[in-house]
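Dear colleague,

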Amino acid sequence: MTVIREDDLLESIAEALQFVSYYHPSDFIRAMSAAYDREESKGAKDAMAQILVNSRMAAIGKRPICQDTGTANVFIEIGHKAQLQLSRPLQDVVDEATRRAYAADTNPLRASVVVDPFGTRKNSGDNTPAMLHISMIEGENVSVHVSAKGGGSENKAKFTVLNPSASVADWVVNTVETLGAGWCPPGVLGIGVGGSSDRAMLMAKQSLNDALDMQDLLRRGPKDKTEELRIEIYERVNALGIGAQGLGGLTTVLDVKVRSFPTHAASLPVGLIPNCAATRHVHFTLDGSGPARLTPPNLSDWPEILLDKASAGARRLDLDTLTDADIATLTPGETLLLSGTLYTGRDAAHKRMVSMLDAGEELPVDLKGRAIYYVGPVDAVGDEVIGPAGPTTSTRMDKFTDRILTDTGLKVMIGKAERGPEAIEAIKKHKAVYLIAVGGAAYLVSKAIREAEPVAFQDLGMEAIYKLRVEDMPVTVAVDSEGNSVHKTGPAQWKRMPQLA
């Protein structure tokens with residue numbers, strides 16, 4: 001009987017969580033590179049260029065690909081002839097591994113897990129507990145899949161129970177069309193079909209750890225109904241024209257993964273979970289000989305991309321001298337390089353600012369004519385000014401937008417993905433502008449930040465308000481001062497009829 005020591009399991013999981021924070025899987029790099037080569041939409045191609053350059057920088061610097069270093073998802077399959085030599089419950093072991101990984105001195109990861117989800121929502125401080133799934137399989141070894149799942153893509157998870165005669169593909173395609181860009185495409189769709197409600201969602205999550213092989217599948221053709229379903233969904237979703245970051249383009253999904261299980265005769269449960277452009281996972285096997293040894297991707301896996309070429313023609317904008325006339329000239333889809341002063345502020349900061357305004361209190365920062373960046377950065381290490389600092393999903397700020405614009409005179413908002421009708425109307429009314437940074441390019445964006453100083457609400461941790469000085473920070477105009485949105489015009493331009501195999 002194979003004996004797996006507690007320390008070996010703990011060390012392996014901790015190392016795996018660090019590993020996935022800065023290494024994309026090789027198959028993901030190849031799939032994204034191929035999509036970049038095929039892309040015809042300039043905005044989408046530029047976004048994918050930033051994602052790929054950011055990925056290579058993160059791999060070299062061993063710093064997080066994305067500021068949202070995710071919840072720790074750990075799937076452990078225990079061989080029926082293997083023995084785990086543990087001194088405590090398995091959840092405690094995995095939580096200790098998570099705690100060690102997220103608190104590493106050389107590469108601290110952002111703690112995003114909150115306890116008491118419908119109460120105080122206080123941050124656990126160490127990203128525990130991990131999301132642990134355990135099963136028993138045949139064999140003598142222990143198989144472990146470790147992934148870090150970001151909140152933006154997790155928030156777009158969907159579940160339904162279809163009639164047995166209904167089309168799974170129709171439901172998936174129609175659902176993806178409503179998701180917007182908050183899940184940071186291009187990414188991967190995980191789909192679970194059958195079983196029960198909980199089994200379908202679990203299969204959808206597990207499928208995201210499967211190897212990406214869509215281009216091979218398209219070349220050789222499908223062998224069964226599952227592969228036919230994968231191809232149909234892949235072609236139809238990409239034909240929606242959503243594109244990278246929702247800017248409009250040829251590729252919205254790099255692959256579609258499907259797992260299925262027997263189900264009740266009256267049911268067809270379907271779970272859908274997207275994975276973002278920061279797809280991060282690794283697999284290892286423990287055979288009793290010691291901790292796992294993980295093999296990094298080869299630097300030759302990444303394409304050579306010159307961002308100077310990709311951003312050629314971008315307009316430089318000085319945030320410290322910005323006027324209403326300057327804002328009025330910005331057009332949806334236009335690429336900008338920002339320099340000057342930015343303030344940060346996410347959900348918690350916006351909620352607190354509105355509460356202060358309601359109470360007649362003066363805000364700790366003057367936002368008149370200024371720009372705010374929806375970001376919660378990773379802690380800096382060494383000589384870094386700030387850790388990886390990519391945008392968060394902007395729709396969470398929509399309900400605060402009109403009040404903040406009205407009472408503060410804020411003029412520029414920066415985040416990721418689309419804005420809802422309420423926010424767009426407020427932007428139009430106040431002649432403001434909404435810009436997007438690329439989700440999945442957090443380390444690259446952080447290099448444009450030259451100074452960072454916490455100036456308010458430090459008790460909110462990563463959601464505190466920082467004053468930043470940026471230099472040539474790349475962004476795209478998403479909503480102009482007239483309320484025109486690139487997230488509507490871009491996909492509409494690139495939507496087409498699918499070319500089914």
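**Sheets and packed helices**

Strand E2 (residues 71-79) pairs with strand E5 (residues 142-149) through eight bridges in the antiparallel sense; strands (E, at least two residues) and helices (H or I, at least four) are DSSP runs, numbered from the N terminus, and two strands pair if DSSP finds at least two bridges between them. Within this pairing, Ala 72 has Ala 148 of E5 as its bridge partner. Helix H4 (residues 90-102) packs on the sheet and touches E2, E4 and E5, contact meaning heavy atoms within 4.5 Å. The direction of H4 makes about 140 degrees with that of E2; axes are lines fitted to C-alpha atoms, for helices over the stretch in contact, and angles run from 0 to 180 degrees between N-to-C directions. Helix H1 (residues 6-22) lies across E2, E5 and E10, at about 160 degrees to E10.

This is a predicted model, in which local features need pLDDT of at least 70 and side-chain atom pairs count only at pLDDT 80 or more, while totals for chains, interfaces and linings use all residues. Residues are numbered from 1 along each chain as its sequence is written, and side-chain values use heavy atoms, with hydrogens and water left out.

The sheet order is E4-E2-E5-E10, open and with mixed pairing. Its edge strands, each pairing on one side only, are E4 (131-137) and E10 (281-286).

Another open sheet of four strands, also mixed, has the order E6-E9-E7-E8. At its edges are E6 (158-162) and E8 (253-261). E6 runs antiparallel to E9 (residues 268-275), joined by five bridges.

Yours sincerely
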